[in-house]
Amino acid sequence: MGAREYARGRRVVARLPHGGDLLEEIAAVADAHGMQAAELRAIGALQTARLAFYDQTSHEYGEFSVAAPVELVGLLGNVSRRDGATAVHAHATLAGHDGACVGGHVAPGCVIFACELLLQELVGEPLEREFDEVTGLPLWRGL
Ligand code: ZN
């Protein structure tokens, strides 16, 4: 277990563009405001949805499409750095017309219908990702 303290920085609220890719648009907002690390929350609706499940044995993500359109009931995650670029890591809960929910790790290919994003900047040491041998995941370095 490793932990590090961060101070709260700026809060940015954004309306993400219709037709944009969810992960790319969140990264663009973080970049536009020079945020190196942040907590993120969002709600909205998606035109198409792609999620993933990480296989803890094979160490591979299995991506799957979700029947869309869907409500983006909740998106939780963070912004950090990986290989010098902004890395958005987010998990979503999605609901169809009957309210039944599915969830998972957000993959590329989630096309925004409408989305309201809140970024809470974290101010402190750089929050960088590096490959972790045990899990096979890009986890936070030094924690
Ligand atoms: Zn994940």
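# Getting to know this fold

Trainee: Let's start with F113: what relative accessible area does F113 have?
Mentor: F113 counts as partly exposed. Under 20% relative accessible area would be buried and over 50% exposed, with partly exposed in between (1.4 Å probe, protein chains only). The value for F113 is 49%.

Trainee: Before going on, what kind of model am I looking at?
Mentor: Residues are numbered from 1 along each chain as its sequence is written, and side-chain values use heavy atoms, with hydrogens and water left out. Local features need pLDDT of at least 70, side-chain atom pairs count only at pLDDT 80 or more, and totals for chains, interfaces and linings use all residues, since this is a predicted model.

Trainee: Which strand holds F113, and which residues does F113 touch?
Mentor: F113 sits in strand β7; strands (E, at least two residues) and helices (H or I, at least four) are DSSP runs, numbered from the N terminus. Contact here means heavy atoms within 4.5 Å. Skipping residues up to four places away in sequence, F113 touches H18, A45, L46 and Q47.

Trainee: How far apart are the C-alpha atoms of F113 and Q47?
Mentor: Along the chain, F113 and Q47 are 66 residues apart.

Trainee: What is the order of helices and strands along the sequence?
Mentor: The count is one helix and nine strands. Read along the sequence, the pattern is β-α-β-β-β-β-β-β-β-β.

Trainee: What is the radius of gyration of the protein?
Mentor: The figure is taken over C-alpha atoms, and the globule rule is 2.2 Å times the number of residues to the power 0.38. For 143 residues that rule gives 15 Å, and the protein comes close to it, so it is as compact as a globular protein of that length. Its own radius of gyration is 15 Å.

Trainee: Which residues are the protein donors of the zinc ion?
Mentor: Donors are N, O and S atoms within 2.8 Å of the metal (3.2 Å for Na, K and Ca), and water is not among the atoms, so sites may look incomplete. The protein donors here lie 2.0 to 2.1 Å from the zinc ion, with the spacing H-x1-H-x13-H along the chain. They are H89 (NE2), H91 (NE2) and H105 (ND1).

Trainee: Which strands does the pair H91 and H105 tie together?
Mentor: H91 is partly exposed, at 42% relative accessible area, whereas H105 is buried, at 17%. The pair ties together parts that are 14 residues apart in sequence, because H91 and H105 lie in strands β5 (residues 85–95) and β6 (residues 101–106).

Trainee: Is E121 buried or exposed?
Mentor: E121 belongs to strand β7 (residues 111–123). Beyond its neighbours within four places in sequence, the contacts of E121 include A7, R8, G34 and M35. With a relative accessibility of 12%, E121 counts as buried.

Trainee: Where is H33, and which residues is H33 in contact with?
Mentor: You'll find H33 in the loop between α1 (22–32) and β2 (38–55), and H33 is partly exposed at 37% relative accessible area. Leaving aside neighbours within four places in sequence, H33 is in contact with R10 and V12.

Trainee: Which residues does a cis peptide bond join?
Mentor: Look in the loop between β3 (60–66) and β4 (70–82), where P69 has its place. Omega of the cis bond is about 10°. The residues joined are A68 and P69.

Trainee: What is phi of D83?
Mentor: D83 is in the loop between β4 and β5 and counts as exposed, at 72% relative accessibility. Its phi is positive although D83 is a residue other than glycine. The value is near 50°.

Trainee: And what is phi of H59?
Mentor: H59 is in the loop between β2 and β3, and at 31% relative accessibility H59 counts as partly exposed. H59 is not a glycine either, and its positive phi is about 60°.
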